[in-house]
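Colleague: Please put the model up, and then I will ask about it piece by piece.

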Amino acid sequence: MTEDHHRVSRRTALLSLSALGVAAAGGIMMMPRSASAQALGQNESVEDAIKRLFGGKPMKDGAAAVKLDVPLIAENGAVVPISVSVESPMTPTNYVKHIYVVADKNRIPVVTRVTLAPEAGRAFVGANIRLGESGDVRAIVEQSDGTLLAVKREVKVTVGGCGG
Amino acid sequence: MSDIGKVRLRIPSSVKPGDVVQVRALVIHPMERIERDAQGKIIQKNYNYINKVVAMYLGRTVATFDTTQNVAENPFFTFNFKATDPGQLKVQFLDTTGGRYEGTADIKFS
């Protein structure tokens with residue numbers, strides 16, 4: 001009785017393990033493809049977008065190194081100035097590779113992906129973005145060694161600026 | 001709008017060798033938003049918006065922005081680069097209809 005029970009649980013454990021392995025391999029295979037073949041912006045939820053972009057990689061809180069500058073209250077959601085600066089030496093061995101800006105409540109959450117080269121000298125980018133409604137804005141920074149740093153700030157939007 | 005594609009680049013007036021220079025780039029572009037019909041379904045068409053911005057200095061790419069429709073009309077981007085030699089800074093904006101708009105600025109050391 002107990003043995004039976006044991007066998008079943010082991011089988012399910014193995015099954016789920018192998019499923020995990022397949023998923024992980026798929027994730028690695030998909031990563032570079034998804035960047036080029038799939039459109040960056042898709043009509044999806046934030047969770048899906050982050051899963052699609054980073055494949056469930058762990059993210060560290062980047063509050064110490066990443067500064068996300070957005071207004072607390074955006075009167076006009078059609079034009080919201082945003083800037084992200086990251087403390088980084090920007091040497092060829094240690095630099096900020098990508099900066100993603102994600103707006104949680106937008107119907108297409110991914111706003112932009114910035115790819116930087118060490119020649120940039122300083123990891124600072126700014127842009128004017130649109131926000132559909134009040135919600136979190138995240139900046140996710142991918143460093144050259146693959147570490148992900150995330151910060152988010154809440155923005156209150158008086159008039160939404162995303163028709164889509 | 002006949003102004004579409006006008007690019008303006010702003011760099012500091014005096015640049016010294018080795019400086020990290022902040023560039024502000026603006027392009028006049030409508031950045032069309034997704035339209036929906038009465039049922040809330042997305043109307044499928046080729047929306048005209050900028051999906052790539054490439055900044056090059058001395059022929060090397062410094063920064064690339066992959067953008068979606070969440071970027072405001074007349075997009076405005078800020079980025080930095082390290083000025084090592086005098087030369088040309090070129091910023092290209094590519095949109096989904098194949099439009100390619102360019103702005104250049106000469107980096108001179110005073």
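Colleague: Over which residues of chain A does pLDDT stay under 50?
Modeller: This is a predicted model, so confidence comes before geometry. Where pLDDT is low, the predicted coordinates should not be read in detail. The stretch in question has four contacts beyond four places in sequence. pLDDT stays under 50 there, over residues 22-37 of chain A.

Colleague: Which element of chain A has the lowest mean pLDDT?
Modeller: Chain A averages a pLDDT of 80, and 74% of its residues score at least 70. Among its elements, strand β2 (residues 66-69) has the highest mean, 94. The lowest mean, 48, belongs to helix α1 (residues 2-36) of chain A.

Colleague: Which residues of helix α2 of chain A are buried?
Modeller: Helix α2 of chain A covers residues 46-54. On its other side, Glu47(A) and Asp48(A) are exposed. What covers the buried residues includes β5 and β6 of chain A. Those buried residues are Ala49(A), Ile50(A) and Leu53(A).

Colleague: Within what arc do the buried residues of α2(A) fall?
Modeller: The view to take is down the axis of α2(A). Seen that way, the buried residues line one face of the helix, because they fall within an arc of 95°.

Colleague: Which residue just after α2(A) takes a positive phi?
Modeller: The phi there is about 60°. The residue just after α2(A) with this value is Gly55(A).

Colleague: How many bridges pair β8 of chain A with β9(A)?
Modeller: Strand β8 covers residues 135-143 of chain A, and β9 covers residues 148-159. The two form a hairpin with four residues between them, and Gly146(A) in the turn has a positive phi of about 95°. Gly135(A) has Val155(A) as its bridge partner in β9(A). The pairing is antiparallel, and the number of bridges is eight.

Colleague: Which residue in β9(A) stands opposite Asn76(A)?
Modeller: Strand β3 (residues 73-76) of chain A runs parallel to β9(A) and is joined to it by three bridges. Strand β1 (residues 60-61) of chain A is also parallel to β9(A), with two bridges, and there Asp61(A) stands opposite Ala150(A). For Asn76(A), the residue opposite is Val159(A).

Colleague: Which strand supplies the largest share of the side of chain B that touches chain A?
Modeller: In total, 28 residues of chain B are in contact with 31 residues of chain A. On the chain B side, β4 and β5 (76-82) each supply at least two residues. That side divides into 14 nonpolar, eight polar and six charged residues. The largest share, eight residues, comes from β4(B).

Colleague: What is the bridge partner of Thr112(A) in β4(B)?
Modeller: Strand β6 (residues 110-116) of chain A is joined to β4(B) by five bridges. The two strands run antiparallel. In β4(B), the partner of Thr112(A) is Thr67(B).

Colleague: Is Met90(A) buried or exposed?
Modeller: Met90(A) lies in the loop between β4 (80-86) and β5 (96-103) of chain A. It has a positive phi of about 50° although it is not a glycine. Most residues other than glycine have a negative phi. Because 21 other C-beta atoms lie within 10 Å, where 20 or more are needed, Met90(A) is buried.

Colleague: How many C-beta neighbours does Leu58(B) have inside 10 Å?
Modeller: Leu58(B) also has a positive phi, about 55°, and is not a glycine. It is found in the loop between β3 (50-57) and β4 (60-67) of chain B. Leu58(B) counts as partly exposed, because its number of C-beta neighbours inside 10 Å is 16.

Colleague: What distance separates the C-alpha atoms of Lys108(B) and Val15(B)?
Modeller: Lys108(B) is found in the segment after β7 (100-107) of chain B. Lys108(B) is exposed, with 10 other C-beta atoms within 10 Å. Val15(B) is 93 residues apart from Lys108(B) along the chain, and their C-alpha atoms are separated by 7.0 Å.

Note on methods
Residues numbered from 1 in each chain as written. Chains lettered and ligands numbered in written order. Predicted model: local features only at pLDDT ≥ 70, side-chain atom pairs only at ≥ 80, totals over all residues. Buried ≥ 20, exposed ≤ 12 C-beta atoms within 10 Å, placed from the backbone. pLDDT = per-residue confidence, 0-100. Contact = placed C-beta atoms within 7 Å. Nonpolar A, V, L, I, M, F, W, Y, C, P; charged D, E, K, R; others polar. Pairing = 2+ DSSP bridges. Arc of directions from axis to C-beta.
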